[in-house]
There are 2 protein chains.
Amino acid sequence: MAVTIKDVAKAAGVSISTVSYALSGKRPIGEKTRRSIEAAIAELGYAPNAGARALAGRRTYILAVTEPLRPDTYEPAHMAFILATARAARQFDYDILLLTQEEAVEGLERVANSRIVDGIIVLDVLNDDERTDLVRKLGVPATLIGMPGETTGLTCVDLDFDAAAGMAVDRFVDGGAKKIGLLGHAEAVYSRGSNFPVRVRDGFIRRAERRGAEVRFATAEPGASGLAAAIDKLLGENRDLDGLAMHCDDQTQARVLELLLARGYEIPRDLAVISVASTFDTSTFSPPLDVIPLIPEESCTRAVELIIEEINGSRQKHLELLAPTYIERGSTRAVGI
Amino acid sequence: MAVTIKDVAKAAGVSISTVSYALSGKRPIGEKTRRSIEAAIAELGYAPNAGARALAGRRTYILAVTEPLRPDTYEPAHMAFILATARAARQFDYDILLLTQEEAVEGLERVANSRIVDGIIVLDVLNDDERTDLVRKLGVPATLIGMPGETTGLTCVDLDFDAAAGMAVDRFVDGGAKKIGLLGHAEAVYSRGSNFPVRVRDGFIRRAERRGAEVRFATAEPGASGLAAAIDKLLGENRDLDGLAMHCDDQTQARVLELLLARGYEIPRDLAVISVASTFDTSTFSPPLDVIPLIPEESCTRAVELIIEEINGSRQKHLELLAPTYIERGSTRAVGI
DNA sequence: CACCCTTGACGAAGCGTTTCGATGATGCCT
DNA sequence: AGGCATCATCGAAACGCTTCGTCAAGGGTG
């Protein structure tokens, strides 16, 4: 049989409760006692039984994670978000239970009702996501990564896509740009549930108007011709575009760069380019691209912090938008020159 | 507070143990009694407390999954394997706990010692994997997906890569090919820990020798020139290659097809092509490629079946190689014509 | 009719923790 | 010296379930 707290207590010559308190630190323990307990634990290789701990302590130290595999999301990003969540959770001694996509609703109910998890992290939230109502009614600590249309009664963490887009505009305009463009995802993406493409687009346009820049927007439709058309539209009849922001998948961005080079453009001499809210590495592009990244680690770490606080009862539901950061790689004109 | 088995028992007017037996089916329950219990459960929305169940029943209904993110593995395949495992596990009412890469060893020890999982699924096993010894000594049910160098005392499931490569050879030779080639991963991959590339290569060469075909092998080194060199080597000085098998990543395979077309090849008229042990979709290539796929669902389903049997005590440790299947898409000459 | 067997249900003993309340020992103050 | 905190430790009661042993009721048998 496995080693139990009883064995540790016996070996250390103390009572069970003393061992428990030494482990949790919830009551002071004498110096010598603690040391002999620690020695016993090390010698016996004791690890608390998770089931018993969950039953008595009302804490399983497990978080559920639901991640739908949306086509709008860059494929490797799915994994990156899940792993970032797992890593962040480990910081607080938590493990994660992965719910499958098809189990989104019943799986959430199941894990919540059976109290197998202390909380739920909901990844890649849609504008109108069936999981939001569920989370509200489940009454289990939860935090969402992404921003649903209605956030009341929910804790949400997300990159401030609006601000990220604005940041790109500022960079262009500060660098002297008069005409700037945004290449977005395919049209279909904007009518589907994910709202971050919309937030980027609208944020870009709004900031451009405020800064007095002429703004052009095009969607990258699938296929070579669709992309070529988008580029033509963005560059304009006079090929007078000063700055181009891209918010679309990595392959498309790479192809755009190829096409621009093929047309004789030199970046940033003829055109400044910024990659917006990308989860992939833009430093391997040629040329490497300035980027305002969407960093899975950042969102996930914050989400886990918030849910732990909620589990501990020290946190209200609220919305938290993460400030974007700008990473220079030389694809824009240095500001002020 | 949450509803417990006690509440159900009271509502149904029976004892706690009767409810438990009705739920587990381990003892016969009268028809009327069962119905009133079911009604009570439905009405109250009862779900057994996972912690209590684990403590009393010595079963947590959780499996741990460890998946290292090797660069040799096609990126989306990581996720595919994990999800396939999760789905298979759900068939048996199991959930999965995802261990992070950096926790490979201590995480395994932790979950095993704390009895938070009933078993461990080890994904993407290396030839010489630190996790194999650990699994052996942990004494927890486990099954590995992949084949380590030393399999004694372990349950392993993997595609029979050797047979898969042989199947490609057979297809070529049966179609009349005399000279066949294999394009493998980059050289570096063969000296690293994953052994399936080696198994494919050796299986291919061995079968080709047995079937009396001339065999050529080349590795796809990174970069355009590396690939071009590999193709030149494979096609031979007289451009007399009859069949080409590819066992490398999706992008490389797509580029090879482009290059072949550029050189005026028509597939399968001038050259038969087969994709071997691929996890990606080869039907979207132009032309679509015959493939002997590596199917995550298959390996993972079998692995979960085996571990469940081991948990239930009805299965010995053993090695199980999955027979490959051939999928035609018209990139080889039809056999016998 | 007495007997035994089967069926269906019950009670209680764990499972290994956490945590509350209590207790003894120690030291400080008056 | 007596009284009183303070500190360290202990004992026991949960936590919610599974499972073993038991028993009452009903039905078949000799």
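## Helix H12 of chain B

Start with helix H12 of chain B, which runs over residues 250-262. It has 13 residues. From its first C-alpha to its last it reaches 18 Å, close to the 18 Å expected at 1.5 Å a residue. This is a predicted model, and every value below is computed from it.

Which residues of H12(B) are buried? They are Gln253(B), Val256(B) and Leu257(B).

What do the buried residues of H12(B) pack against? Their partners in chain B are strand S6 (179-184), helix H11 (224-235), strand S8 (243-246) and strand S9 (272-276). Just after H12(B) comes Gly264(B), with a positive phi of about 90°.

Most residues other than glycine have a negative phi, and most peptide bonds are trans.

Take the peptide bonds. Ile267(B) and Pro268(B) are joined by a cis peptide bond, with omega about 5°. Pro268(B) sits in the loop between H12 and S9 of chain B. Another cis bond runs from Ser286(B) to Pro287(B), and its omega is near -5°. Pro287(B) belongs to the loop between S9 and strand S10 (290-292) of chain B.

Now take phi. Tyr61(B) is not a glycine, yet its phi is positive, near 60°. Tyr61(B) lies in the loop between H4 and strand S1 (62-66) of chain B. Arg239(B) is not a glycine either, and its phi is positive at about 55°. The loop between H11 and S8 of chain B holds Arg239(B).

Are these two residues buried or exposed? Tyr61(B) is partly exposed, with 19 other C-beta atoms within 10 Å. A residue counts as buried at 20 or more such atoms, and as exposed at 12 or fewer. Arg239(B) has 12 other C-beta atoms within 10 Å, so Arg239(B) is exposed.

## The shape of chain A

Chain A contains 13 helices and 11 strands. Its C-alpha trace spans about 85 × 40 × 35 Å along the principal axes. What is its radius of gyration? Chain A has 25 Å, while a compact globule of 337 residues would have a value near 20 Å.

Of the 337 residues of chain A, 47% count as buried. Next, look at the contacts in chain A with a separation of 6 or more. Residues 24 or more positions apart account for 68% of them.

## How the two chains pair

Chain A can be laid on chain B by a turn of 180° and a shift of 0.0 Å along the axis, with an RMSD of 0.1 Å. That is the relation of a two-fold axis.

How many residues of chain A are in contact with chain B? There are 31 of them, and they touch 29 residues of chain B. On the chain A side, H4, helix H5 (75-91), strand S2 (95-99) and helix H6 (104-113) each supply at least two residues. H5(A) gives the largest share of that side, 9 residues. Of the interface residues of chain A, 94% are also interface residues in chain B, so the copies meet through the same surface.

## Around the DNA strands

Begin with DNA strand C. Of the 29 residues around it, Ile5(A), Ser17(A), Ala56(A), Gly30(B) and Thr33(B) come nearest. Helix H1 (5-12), H2 and H4 of chain A each supply at least two residues of the surface near DNA strand C, and so do H2 and H4 of chain B. H2(A) gives the most to this surface, with 6 residues.

Which residues are closest to DNA strand D? Among the 31 residues that surround DNA strand D, they are Gly30(A), Thr33(A), Ile5(B), Ser17(B) and Ala56(B). Helix H2 (16-24) and helix H4 (50-57) of chain A each supply at least two residues of the surface near DNA strand D.

Definitions and conventions: Residues numbered from 1 in each chain as written. Chains lettered and ligands numbered in written order. Predicted model: local features only at pLDDT ≥ 70, side-chain atom pairs only at ≥ 80, totals over all residues. Least-squares fit on C-alpha atoms with pLDDT ≥ 70 in both. Contact = placed C-beta atoms within 7 Å. Helix = DSSP H or I, 4+ residues; strand = E, 2+ residues; numbered from the N terminus. Expected span 1.5 Å × (residues − 1). Rg over C-alpha atoms; globule rule 2.2 N^0.38 Å. Near = placed C-beta within 6 Å.
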